Structures are given as C-alpha cells and as structure tokens.
Amino acid sequence: MPLYESIARPLLFRLSPDRGHALAHAALRAAAPWRAASALGGWRVDDPRLRVRFAGLDLPNPIGLAAGFDKDCELIDALACFGFGFITVGSIMPAPRDGNPFPRLVRYPETQSLADAMGVPSRGRDYCVVRLRTRHPAHVPLFANIGGFTAAEIADSFFAVEPCVDAVEISLICPNVQPGEAFDELGLLREVLTRIEARRKPTIVRVPNDTAVAPDRLAELIERCIAAGVAGLKIAGGRPVAEPRLGVKQGTLHGRAIFERAIANVERAAGIARGRIPIKGNGGVSTGADALAMLRAGATCVDVYSAFIYRGWSVARDINRELIAARSREFRHERLT
C-alpha cells in the first residue's frame, strides 16, 4: 500500500478535516523537500499518449488539480512537484474574506467524498497577485480561478491575474441566492465577457452546478461562451447537501458520491457543444477508469480535489498510469473483437 494511504492519511484523518487541511497546507509551504521527494519518487508520468490540448494550451497530461485547495496561491511551487497536468489556484476574490464559520469540511471516507462549506475565504486579489508574481517557474500550466459578486469585480480580477498565469477560470457566483431561488448567471456572464473583450489569455468559464443540470440554461450559456471566443468550460457535479456537522449546517458534496452526476453533466454539455469548445470535467474522479469515463463522456481533461485528499501526493501519477493501462486494455479488447 502506498505510504500516504498506509501512514500519512490515517494520521491526518485523526484530526478534524479543517485541522487536517491546515496541516497539509503548512507541510506544502516549503517546496524544497517536495522537489527532492519528487526526484526520488518519480511523480511525473512523461508519456506522449497522455498529452492533450485544452483551451489552446498543451498539457502534459489530462489530470489537473482543481481550484479550492490552494485558494491564496501559496503552495504552487510544492504542488508543481506532484505530476499534475495543470494546477488551478483560487478562487481569488477581490477583497479579503473570512469565509463561513467552522467547521467547514466533513469527510465521508466510506465514499471518498467531502462536504464543503468554505464560503469562499480569501486573502484577496492583491495578496494573491504578489504570490503569483514571486513564485518559482513551475513548468506546469497554471490556471487562476477568480470569483466576484459583480461583473466589474470579476473583470478587474481578470486583468490583475492575467499576466501571471496561463489561463483564467471565471466562477459565476452570487452570495445572496437561497436554495430554490434563481441566479441570473447568464446576465452576469454577458456583462463579464463584454468587460474582458481586450483579454489576451485563454478564458475558461466554470458553469454553476445548478446550470449544468438545466438543459436550456446550459445551452444558452454554452452558445454565449462560443460566440464570445471563450476557450474552455469547466463542468462539475457538486450538489447541495444538508450536514449538521458543518458550521452553516449545509454545504456542497464533492467526491465519489457525485461521480455519476458529474458524468451526466459532462455528457449533456458535450452534446450541446458538439466539439466547438473543449470541456474540463470535475467531480468524483479518483482512478484511471474514472478519468477514462469522463474523457469518453466528452471532457478533454479533468481536475481533482477530493482524490488528492484521499489518495495523496501520488494521485496524478497513479491516475495517469491507470489511465494508460485502461486505454491499453480497451485497445487489446477491440483488437480481439
């Protein structure tokens, strides 16, 4: 059994999820030990069969790290050691935010899932831009996920981070929408895209989870993105979950428990897009077989979060190796039949 799953994870899981998360962050602040470990451990899989092109960028492999783990751009140098095909930092918010009351995370080990009620904590755009400017050259494609509650905030953040990253991922969010209420993500998207017409870097739009399950709204959002020259979409599968152990008593479910929903969302989006805009899939991918299923559903690449917590520092390497093996098995089967 890998070192992380046999030793490190049991120790981390003795702590509360929030404390375990904080300890993992502390361990990743110093990049030098992880560079040395990477040189010994071989976390990168350099195989031409894994290379993909997403949002106009060449990725060494299709397995990336999703936004949410490194919200404040503090861990990039260490995360670049783990063999991900790309890294997404953020969400970067315009101003510092405390986020929701603790506890913010609940683990479901039996399904390798998490309930998340972070509330978009952030040290703010200015802090993150400084971190992005002073990072060590990583040679790993870097995306910055930005959030904001108005089109002006999102546009300002876009142009602030754009020079520092390879692509900018926009999250369409609203702080005031209660369950069952409507959020005009299409209106917000239209205004954001108008304000960032002078952009130079690839733009990725993260489709809100409730929009991904609404065919008419999803179709309109995708057509609007294509018309505006957006370079890629992120389609996820998270869903609301009531959880009394969270400080705010409800959150968003991530991990293996939402994998089938995520696959369905990607298939729906791919059917609308018809190859006109590439898709990054997210939600419950934990193995090479999962990644292959997501790619076959219509994604060009995937990003992971919960799998990083449950499988540890070798997760990208392991999924990439499993993905190659799964494709090889399928190829042999096709030849035999």
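## Strands around E12

Strand E6 (residues 113-116) pairs with strand E12 (residues 250-255) in the antiparallel sense, over four bridges. Strands are DSSP runs of type E with at least two residues, numbered from the N terminus, and two strands pair if DSSP finds at least two bridges between them. Aspartate 116 lies opposite threonine 252 in E12.

E12 is also joined to strand E11 (residues 239-242) by four bridges, and E11 and E12 run antiparallel. Here alanine 242 has glutamine 250 in E12 as its bridge partner.

## Basis of the model

This is a predicted model, in which local features need pLDDT of at least 70, side-chain atom pairs count only at pLDDT 80 or more, and totals for chains, interfaces and linings use all residues. Residues are numbered from 1 along each chain as its sequence is written, and side-chain values use heavy atoms, with hydrogens and water left out.

## Proline 101

Proline 101 sits in the loop between strand E4 (87-92) and strand E5 (105-108). Its relative accessible area is 47%, so proline 101 is partly exposed (buried is under 20%, exposed over 50%, partly exposed in between, with a 1.4 Å probe and protein chains only).

Apart from neighbours within four places in sequence, proline 101 is in contact with Gly247 and Val248; contact means heavy atoms within 4.5 Å. Proline 215 is 114 residues from proline 101 along the chain, and their C-alpha atoms are separated by 34 Å.
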